[in-house]
Amino acid sequence: MIAKQVSVFLENKSGRLNEVTQILGDAGINISAFSIADTSDFGVLRMIVPDPEKAVEVLRDHDFSVQTTRVILLNSPNQPGSLAATLKILSAENVFLEYLYAFSMNENTAVIVIRPTDIDKCMEVINRNREALESGGSHFQI
Amino acid sequence: MIYWEKELEVLSRKELEKIQVERLRKTLSQAAHSPYYGELFRKLHITPEKIDRVEQIRELPFTTKQDLRDHYPYGFLTLPKRDIIRLHSSSGTTGNPTVIFHNRHDISSWANLMARSLFCAGVRDTDVFQNIVGYGLFTGGLGFQYGIERLGALSIPAGAGNSQRQIKLMRDYGTTVIHAIPSYLGRLYEVFQAEGLDPQRDTELRLLVIGAEPHTEEQRRRIEEMFGVKAFNSFGLSEMNGPGVAFECEYQSGLHIWEDAYMVEIVDPQTLHPVADGEYGELVMTTLDREGMPLVRYRTRDITRILPGDCPCGRTHRRIDRITGRSDDMFIIKGCNVYPMQIEGVLLKIPEVGADYLITLDTLNGSDEMIVEVEVKRDWFNGDVARLDKLTRQITNQIRDEVLTKPIVRLVEPGSIPKSEGKAVRVRDLRAALKAGNYSA
């Protein structure tokens, strides 16, 4: 599925990440997954949350620079080789990725968060290769 | 013999003042040939012939950098262009550059002052002198070059940068004296170490000349320890030719300012009244031996003081202290004069960032750096890191093109820079620095 990822611009300053998590916690927003892309001077926090609109709103209220970005969430078997199988298909079809990160839902399922340069093309490739993806493991779910 | 021109360097104050009065009269007569001073002197009824005491300089009008800019390029020129043989100019992309014109006499006089300065610090014609600063419009290159040649030492016009080549030149030709900006010498020493060399063991260096950049006494001592030789302070500014205005002698206690070539005043920057010897104020200078473009009571904006008392070296030209600051907001980093306005001008042209900024001058890993923090506009941020990186590079390059030294640019969150109230402080100087010498172009 295509989801809205919440991106927050953060200075490399102690306490900033803490503030973001506190604000979301106070608003009752759970963070399903996150990753931080950092350079020496600033970082961009990327999060998957159940209610991205609300997350954006509360963070903007606290003067953070926040944007949503469309990403693909791909459920995949939580087992060796499944990420490799996915990437193999994407690279064979010349889908370029800006970044990706993943989290485990439970013992059986992991979720891969994918930000391709061309999201529509990536979705098309995934849909077209649904069978190949699913043959690799038990229950790929897009 | 420790003097380059004994007859001028040890004159009694009375004799020195007599020369000053004569030269001031001559300077004013010459200045009156320029469009700017010609009109000003007529308006203020200034008649050079009436000058017979040095104190009368206080009756003359001040000249500011703004005056130079307003009458750019030829408003201060006293001679037809065919008589002029060189110009030195600042980058000045924010406003008009500051340009100074020299005729043959001026270049010769400057070379002599520079030779006198170097001789004063102990340089002799037997030395091999490697000048490690930029040539071109920057006065530290050619200014030193002509002085070294006039003095008769073997000059190596190495220019700035490329430390490995600098070390090779030093070792191949047995360099005994180098001139460089102090922050560069720290770097050069590191390269020596990286090559497994020790300047004290592997070179014939016997003396250093440093200037064009603020530095503390502690920094000077550290440089002296690294290289195992004495480092002498040099002071100058392009409006007063460049280097060769004031120089340390063997006693390293203050810089002798050449009073046969410059009339020196220290004034309160607010009231513009003279302050007593020993008190800090703004250095105001009048050229006494320049024909192409004489300047009268030029406000240097540098804060210093006259050191009271005689120098054991016997020179009667008074000594100024290290420059301790500025009466405007200019600062010097890596030998480049920078006004915050220049940085602001660059940022205003970049729509992705806000107008608020903060410049921090700091010493990082032994090297002076200019850190520019700018706020990313909230609406422009889209979560893309590459885009932020690209913006950082763009700002870095544009600032470097403007001020000629590379800044460290940091993007910060909107609203995180303290908002300015009126004339807020835009510059934090964390280099525990006292300034000395700023003859940058």
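In this predicted model, 13 residues of chain A are in contact with 15 residues of chain B, where contact requires that the C-beta atoms of two residues, placed from the backbone, lie within 7 Å. Local features need pLDDT of at least 70 and side-chain atom pairs count only at pLDDT 80 or more, whereas totals for chains, interfaces and linings use all residues. Residues are numbered from 1 along each chain as its sequence is written, while chains are lettered from A and ligands numbered from 1 in the order in which they are written.

**Side of chain A that touches chain B**

- Strand 1 (2-11), strand 3 (42-48) and strand 4 (66-77) of chain A are the elements that give two or more residues to this side; strands (E, at least two residues) and helices (H or I, at least four) are DSSP runs numbered from the N terminus.
- By class, this side of chain A has four nonpolar, five polar and four charged residues, with Ala, Val, Leu, Ile, Met, Phe, Trp, Tyr, Cys and Pro counted as nonpolar, Asp, Glu, Lys and Arg as charged, and the others, Gly among them, as polar.

**Open sheet in chain B**

- Four strands of chain B form an open sheet in the order 10-11-12-15, with antiparallel pairing, and two strands pair if DSSP finds at least two bridges between them.
- Strand 10 (262-267) and strand 15 (325-326) of chain B each have a single partner strand and stand at the edges, so one side of each is left without a neighbour in the sheet.
- Strand 10 of chain B is joined to strand 11 (residues 281-287) of chain B by six bridges, and Glu265(B) stands opposite Val284(B) of strand 11.
- Four bridges link strand 11 of chain B with strand 12 of chain B, where Met285(B) stands opposite Tyr298(B) of strand 12.
- Two bridges link strand 12 of chain B with strand 15 of chain B, and Ile303(B) has Gly325(B) of strand 15 as its bridge partner.
- Strand 12 (residues 298-304) of chain B is largely enclosed by the rest of the structure, because six of its seven residues are buried, that is, have 20 or more other C-beta atoms within 10 Å of their own C-beta atom, with 12 or fewer counting as exposed and values in between as partly exposed.

**Helix pair in chain B**

- The axes of helix 11 (residues 340-348) and helix 12 (residues 385-403) of chain B come within 10 Å and cross at roughly 140°, the axes being lines fitted to C-alpha atoms over the stretch in contact and the angles running from 0 to 180 degrees between N-to-C directions.
- The contact is made by Gln342(B), Ile343(B) and Val346(B) of helix 11 together with Gln398(B), Ile399(B), Glu402(B) and Val403(B) of helix 12.
- By class, this contact has four nonpolar, two polar and one charged residues.
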